[in-house]
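Here is a short report on one protein model. Look at the structure first, then read on.

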Amino acid sequence: MKSDKSKLAEKRCLGEGSDYTGFILARESGSIGTAVSVYDPIAGRKVELLSQGEAELFWIIRFRDGVKEIKEQMMLAPEIVAEICTEFEFRKPSHILSTDLLVEYEDGRMTAYSVKSDRSALFQPNLELRKQRRILERQKIEQEYWSRHGAAFKIVFRTDLNPVYARNVEAAMAFYDPCFVDSEEDMLKYLVAHKRISIDMESDPVPYARLCRELPDIKARYRMALRDENAG
């Protein structure tokens with residue numbers, strides 16, 4: 001595990017677009033088996049996600065219209081966190097805090113997300129009062145921090161997400177870049193990723209092979225999409 005000082009020296013969270021690096025990398029996380037690095041073809045970089053819930057939310061948001069950038073493991077400036085803790089009489093954290101996902105929209109809005117496995121991650125009846133209070137204080141610090149930066153703050157529970165939809169988005173986005181397209185099935189995924197074809201992605205795993213037989217002119221629509229992309 002790298003120290004906070006080392007991460008700061010690497011200027012994590014200061015870059016934009018493909019130059020952005022989250023404050024915590026997947027390989028540095030203690031969440032063995034759930035942390036994962038995924039490739040974001042729109043940002044052109046690896047995204048470091050520390051849980052399966054974060055990964056599912058990332059793909060769901062990635063497929064939304066109007067998303068300018070998604071920054072994971074976004075560092076909270078220690079001096080502002082210290083101010084918040086003093087104001088609310090919280091104990092100051094011993095390490096630098098980060099928010100799971102910060103989403104910037106093309107219209108200037110920002111939303112910060114804290115991802116939890118389920119509601120028991122926040123309210124644990126058997127947990128001693130001091131530890132329970134610290135869990136809730138952490139969320140209040142994040143909420144107040146992002147409020148001061150003009151961003152909304154939301155807590156998302158993995159149990160409220162649609163994993164089928166997230167996996168379908170991820171499967172299509174793997175072919176967002178035409179350099180990975182080799183087959184007609186890949187062409188269909190490219191068209192879905194670029195929203196040139198709309199299909200049900202929320203109910204079941206998308207049967208791309210069957211859809212290739214049912215949907216007309218996949219190759220022609222793919223070639224047209226490429227021409228439009230190149231013209232743009």
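## What covers helix H4

Several elements cover the buried residues of H4, in a predicted model. Among them are the strands E3 (67–75), E4 (98–105), E5 (110–116) and E6 (152–157). Helix H3 (78–88) is also included. Helices (H or I, at least four residues) and strands (E, at least two) are DSSP runs, numbered from the N terminus.

Which residues of H4 are buried? They are Gln 132, Glu 137, Gln 139, Ile 141, Glu 142, Glu 144, Tyr 145 and Trp 146. Buried means under 20% relative accessible area, exposed over 50%, and partly exposed in between (1.4 Å probe, protein chains only).

## The helix itself

H4 covers residues 129–148, which is 20 residues. From first C-alpha to last, H4 reaches 28 Å, close to the 28 Å expected at 1.5 Å a residue. That expected span is 1.5 Å times one less than the number of residues. Gly 150 follows H4, and its phi is positive, near 75°.

## The whole protein

The protein has eight helices and six strands. From the N terminus on, they run α-β-β-α-β-α-β-β-α-β-α-α-α-α. The C-alpha trace spans about 65 × 40 × 35 Å along its principal axes. Of the 232 residues, 44% are buried.

## About the model

Residues are numbered from 1 along each chain as its sequence is written, and side-chain values use heavy atoms, leaving out hydrogens and water. In this predicted model, local features need pLDDT of at least 70, side-chain atom pairs count only at pLDDT 80 or more, and totals for chains, interfaces and linings use all residues.

Technical notes. Contact = heavy atoms within 4.5 Å.
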